[in-house]
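Thanks for coming, everyone. I have one model to walk through today. Let me put it on the screen.

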Amino acid sequence: MASTADEDLRAAGTSAPAPASAAPASSPAGPARRARGVPLLVVGLVLAALNLRSAVTSLGSLLKEVRADLGMSGAVAGLLTSVPAFCFAVFGLAAPRLARRFGPAAVVCAGMAAITAGLALRPYVGGVPGFLALSVLALAGIAVSNVLMPLAVRRWFPDRVGPMTGLYSMAIAAGAAGAAAATVPLADAMGHSWRLGLGSWALLAAAAGLLWLVVARRDRTDGAAAPAAAAQDAPRTSITRSPTAWALGIFFGIQATGAYIVMGWMPAIFRDAGVAPSTAGVLSAVTMLTGVPLAFVLPRLAARLPHQGVLVVILGCFGLAGYAGLWLAPAGGAWVWAVLLGVSNSAFTLALTLIGMRARTGGGVVRLSAFAQSMGYLISIPGPLLVGWLNERTGGWDVPLALMAALMVPQIVAGVLAGRARTVEDEL
């Protein structure tokens, strides 16, 4: 029972969440095995996480140059902003089956290889169709790795789910901000070549791929039964019958909608309010960087709470305050609003943490992760497009900001439901 595990954990003084803290007896991730490979696994987890947003944020920095050189239309450029969420949703669904067949480490390794190939080749393939196709290849690698990160934490760090989720969430945020900030300087340093600037991020993905190749080979040597074990502890009933899975999917989707809207449109909101373009860019970076330390703190807090709904409500209130500030005085309190919305966007870290906490087995984690993330990213696709359309139709930001604030209400409701102390296995 989950409640019994909760009591045992409190008695032992551990910070791990009950549903994801104790590995099943059949789990191949025994103490001796974990102790032997911990440094390699930690570095591999961080390196993989650093690559999970670089394909997206690096392109945004050089999109103007890419469009001019490739003759990319505005419609196709707009499509590029929705492609990541679509790829995350579609390709993420394949992750559970691949993990059961080949093992999670091998699939993450293949995902890093796809990211490497996509990032290295897309600047040089020539033409818009090739650029789009190779972008999709990189995003497919990101999608399967996205889904399997919670399983990797659950499987190899069953007693450190909170801290390790915080670590890789922090690496995701740092990778996104770093790619956004460093791509233009990299391109300038390499002869003002946008191709070299974009392609250089393939080196980081290649390093992660090589490390995960070592992890996958060691995993295969130490426990060839891992894929079979993952299949055995997976729930046999469809996860769509779990109310918690639906609540978590909706929570993930609405927070992703808000994050994409903020990342895509907040600089424009500030610029329309009279903020200098360079300052608007820095404010956007501040929003992303605010989530870096919170990514380490939130999972630890969540692991110590019997119900994570209180964190959902707090983050939602930060979001409401940030949107209200943007509506009342976008330029006057710009730095405050950027920080408030950065805190609110840390709901992404909380969503990842809940995925590890709301399933009791490795198979349950990967299925819940695939369902919640795929459903969530599908939900997030129309949000940025709708905000842009409302801005164009109304000639201002009052209505879009009202929509963004209104979305915080269902996000809070779904998050509170997802934060209840139960697991999907109990509902199937």
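Start at R422. R422 is partly exposed, with a relative accessible area of 32%. On the terms: buried means under 20% relative accessible area, exposed over 50%, and partly exposed in between, with a 1.4 Å probe and protein chains only. The side chain of R422 meets that of E427 in a salt bridge, at 3.7 Å from N to O. By salt bridge I mean a side-chain nitrogen of Lys or Arg within 4 Å of a carboxyl oxygen of Asp or Glu.

A word on the ground rules. This is a predicted model, where local features need pLDDT of at least 70, side-chain atom pairs count only at pLDDT 80 or more, and totals for chains, interfaces and linings use all residues. Residues are numbered from 1 along each chain as its sequence is written, and side-chain values use heavy atoms, with hydrogens and water left out.

Back to the charges. How many salt bridges does the structure hold? It holds 3. R360 pairs with D426, and the closest N and O atoms are 2.9 Å apart. R360 sits in the loop between helix 17 (347-357) and helix 18, and D426 in helix 22 (residues 424-427), so this bridge ties together parts that are 66 residues apart in sequence. Both ends are partly exposed: R360 at 36%, D426 at 46%. Then there is R195 with D69, at 2.9 Å from N to O. That pair links distant parts of the chain, with R195 in helix 10 and D69 in helix 4 (residues 63-70), 126 residues apart. R195 is partly exposed at 25% relative accessibility, and D69 is partly exposed at 42%.

Now the overall picture. The protein has 22 helices and 0 strands. Those are DSSP runs numbered from the N terminus: helices are H or I with at least four residues, strands are E with at least two. Of the 428 residues, 56% are buried. The protein exposes about 16700 Å², and carbon and sulfur atoms supply 68% of that. Those areas come from the Shrake-Rupley method with a 1.4 Å probe; for residues, only the protein chains shown count as cover. Take the contacts with a separation of 6 or more: residues 24 or more positions apart account for 83% of them. Contact here means heavy atoms within 4.5 Å.

Next, the rings. There are 7 aromatic pairs. Rings of Phe, Tyr and Trp (its six-membered ring) pair if their centres lie within 6.5 Å; planes under 30 degrees apart are stacked, over 60 edge-to-face, and the rest tilted. One of the pairs is F131 with W194, edge-to-face, 6.4 Å centre to centre and 65 degrees between the planes. F131 is in helix 8 (residues 128-156) and W194 in helix 10 (residues 194-199), so the pair ties together parts 63 residues apart in sequence. Both F131 and W194 are buried.

F252 and Y377 make another edge-to-face pair, at 5.3 Å and 80 degrees. F252 lies in helix 13 (residues 243-272) and Y377 in helix 18 (residues 362-380), so here the parts tied together are 125 residues apart in sequence. F252 and Y377 are both buried. Ring pairs also link F88, F252, F348 and Y377 into a cluster.

Which residues make the nonpolar patch of about 350 Å²? They are F86, V90, F91 and L378. Patches take residues with over 30% relative accessible area and no salt bridge; like charges are joined within 9 Å, nonpolar side chains (Val, Leu, Ile, Met, Phe, Trp, Tyr) within 5 Å. Helix 5 (residues 74-92) gives the most, with 3 residues. V90 is in helix 5, and V90 is partly exposed at 37%.

Last stop, a few single residues. S58 is in helix 3 (residues 54-61). Is S58 buried or exposed? S58 is buried, with a relative accessible area of 0%. Leaving out residues up to four places away in sequence, S58 touches R122, A179, T183, L198 and W201. G175, in helix 9 (residues 161-189), is buried at 8%. H192 sits in the loop between helix 9 and helix 10. H192 is exposed, at 63%. Phi of H192 is near 55 degrees, a positive value in a residue other than glycine.
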